[in-house]
Amino acid sequence: MSKYILIIGACGQIGTELTYTLREKFGSENVIASDIREGNDDLMQSGPFEILDATNYDALEEVIAYYDISEVYLMAAMLSATAEKFPMRAWNLNMNTLFNVLNLAKEKKITKIFWPSSIAVFGPNTPKDNTPQNTIMEPSTVYGISKQSGERWCEYYFKKFGVDVRSIRYPGLISWKTMPGGGTTDYAVEIYHKALTQGTYTCFLEEDTKLPMMFMDDAIRATLQIMETPENEIKERSSYNLGAMSFTPKEIAASIQAIIPDFTIDYAPDFRQQIANSWPSSIDDSNAQKDWNWKAEFDLEKTTKTMLENLKNRV
């Protein structure tokens with residue numbers, strides 16, 4: 001018997017690539033993509049698509065019933081930099097969509113949920129180096145507050161109602177296939193585009209701002225891996241730390257200059273610098289390694305090589 005999967009926020013940076021990967025694995029007709037707007041032509045033609053406002057419980061319930069959905073990947077969210085400009089809209093989107101999905105699982109209308117958290121759950125008082133799984137959080141951004149709140153609700157619904165919800169704290173994500181959508185780590189995607197099109201880049205963070213990052217292929221692989229892990233092996237029901245690499249703008253620029261020697265970078269920090277300052281510089285993901293054998297495959301050198309090779313064909 002086929003399982004039917006719903007992706008909410010399928011047109012976003014992660015959602016787009018997750019949709020393609022899940023359709024390749026489970027069959028296009030078994031993976032329903034949805035978003036509040038249409039996506040690119042490739043996404044729209046790759047399988048079923050629904051225009052869906054996931055803050056509307058009835059509309060979400062209707063789609064789940066119509067397609068007999070068993071698993072939901074809730075990827076819709078307003079990210080860190082954008083959320084600071086629209087705090088109440090961010091809170092409404094990030095929290096109400098989660099409550100709707102959790103409540104549908106509580107009512108046994110779906111069996112499994114993936115909900116992404118973020119390194120934004122950590123704050124200025126969190127240990128910056130090798131940030132532990134369990135530590136002081138105290139997030140200082142709207143996005144981080146919503147993600148920490150979401151983690152607590154996920155664990156509550158698991159303990160109180162047996163809802164099988166799984167989560168990982170994504171670091172900054174780097175992809176050549178899709179552009180980022182308003183996050184503080186977006187510079188690590190923009191820099192590759194600018195290196196190829198203009199040969200120079202003005203970074204909105206200071207040169208020595210070290211942040212945890214991950215190539216998108218690793219993030220998608222981790223997402224599928226945690227969802228395929230037997231339920232009794234998932235020990236963290238808030239969200240798992242997930243790590244791959246950490247680097248500064250200066251270091252990513254140097255990795256580009258190894259391939260494009262004439263590339264130059266300068267720095268004009270803006271409001272995103274304060275957000276970045278509140279986040280970890282590296283992550284301890286030993287629990288994910290232990291519980292579901294997580295291991296990243298991409299380091300900075302491999303990421304830069306892959307990004308530039310693939311973007312050359314696009315610019």
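**View 1. The largest pocket of the predicted model and the residues that line it.** In this predicted model, the largest pocket holds about 880 Å³ of space. Its lining is made up of 42 residues, and those that lie nearest the centre of the pocket are Met75, Ala76, Ala77, Met78 and Leu79. Several elements each supply at least two residues of this lining, namely helix H1 (13–26), helix H5 (87–106), strand S6 (117–118), helix H6 (142–161) and strand S9 (172–174). The element that gives the most to the lining is H5, with 4 residues. When the lining residues are divided by class, 21 are nonpolar, 15 are polar and 6 are charged.

**View 2. Helices H5 and H6, whose axes come within 10 Å.** These two helices, which both contribute to the lining of the largest pocket, have axes that cross at roughly 15°. That angle makes H5 roughly parallel to H6, and the crossing of the pair is right-handed. On the H5 side, the residues that meet H6 are Pro87, Ala90, Trp91, Asn94, Met95, Leu98, Phe99, Leu102, Asn103 and Lys106. On the H6 side, the residues that meet H5 are Val142, Tyr143, Ile145, Ser146, Ser149, Gly150, Trp153, Cys154, Tyr157 and Phe161. By class, this contact has 14 nonpolar, 5 polar and 1 charged residues.

**View 3. Ser149 and the residues that it touches.** Ser149 has its place in helix H6, and it is one of the residues of that helix that meet H5. Leaving aside residues up to four places away in sequence, Ser149 touches Trp91 and Met95. Although Ser149 and Met95 are 54 residues apart along the chain, their C-alpha atoms are separated by 8.2 Å.

**View 4. Helices H7 and H9, packed with their axes 11 Å apart.** Helix H7 (residues 187–197) and H9 pack at an angle of about 30°, and the two helices are therefore roughly parallel to each other. Their crossing is right-handed. In this contact, Tyr187, Ala188, Ile191, Tyr192 and Ala195 in H7 meet Pro249, Ile252, Ala253 and Ile256 in H9. The residues of the contact divide into 9 nonpolar, no polar and no charged.

**View 5. Helices H9 and H12, which cross at roughly 55°.** The axes of helix H9 (residues 249–257) and helix H12 (residues 300–312) come within 10 Å, and with their crossing angle of roughly 55° the two helices are therefore oblique to each other. The crossing of H9 and H12 is right-handed. From H9, the residues Glu251, Ile252, Ser255 and Ile256 take part in the contact, where they meet Leu300, Thr304 and Leu308 in H12. The residues of this contact divide into 4 nonpolar, 2 polar and 1 charged. Ile252 and Ile256, which here meet H12, are also among the residues of H9 that meet H7.

**View 6. Two residues with a positive phi, Asp68 and Asn293.** Most residues other than glycine have a negative phi.

Conventions
Residues are numbered from 1 along each chain as its sequence is written. This is a predicted model: local features need pLDDT of at least 70, side-chain atom pairs count only at pLDDT 80 or more; totals for chains, interfaces and linings use all residues. Side-chain values use heavy atoms; hydrogens and water are left out. Axes are lines fitted to C-alpha atoms, for helices over the stretch in contact, and angles run from 0 to 180 degrees between N-to-C directions. Angles under 35 degrees count as roughly parallel, over 145 as roughly antiparallel, 65 to 115 as roughly perpendicular and the rest as oblique. A crossing is left-handed if the near helix is turned anticlockwise from the far one by less than a right angle, and right-handed if clockwise. Contact means heavy atoms within 4.5 Å. Ala, Val, Leu, Ile, Met, Phe, Trp, Tyr, Cys and Pro count as nonpolar, Asp, Glu, Lys and Arg as charged, and the others, Gly among them, as polar. On a 1 Å grid over the protein atoms alone, a cavity is a set of points where a 1.4 Å probe fits but cannot get out, and a pocket is an open set with protein on both sides within 12 Å along at least five of seven lines; lining residues have an atom within 4 Å of a point. Grid points are joined across faces, edges and corners, and a volume is the space filled by probe spheres set on the points.
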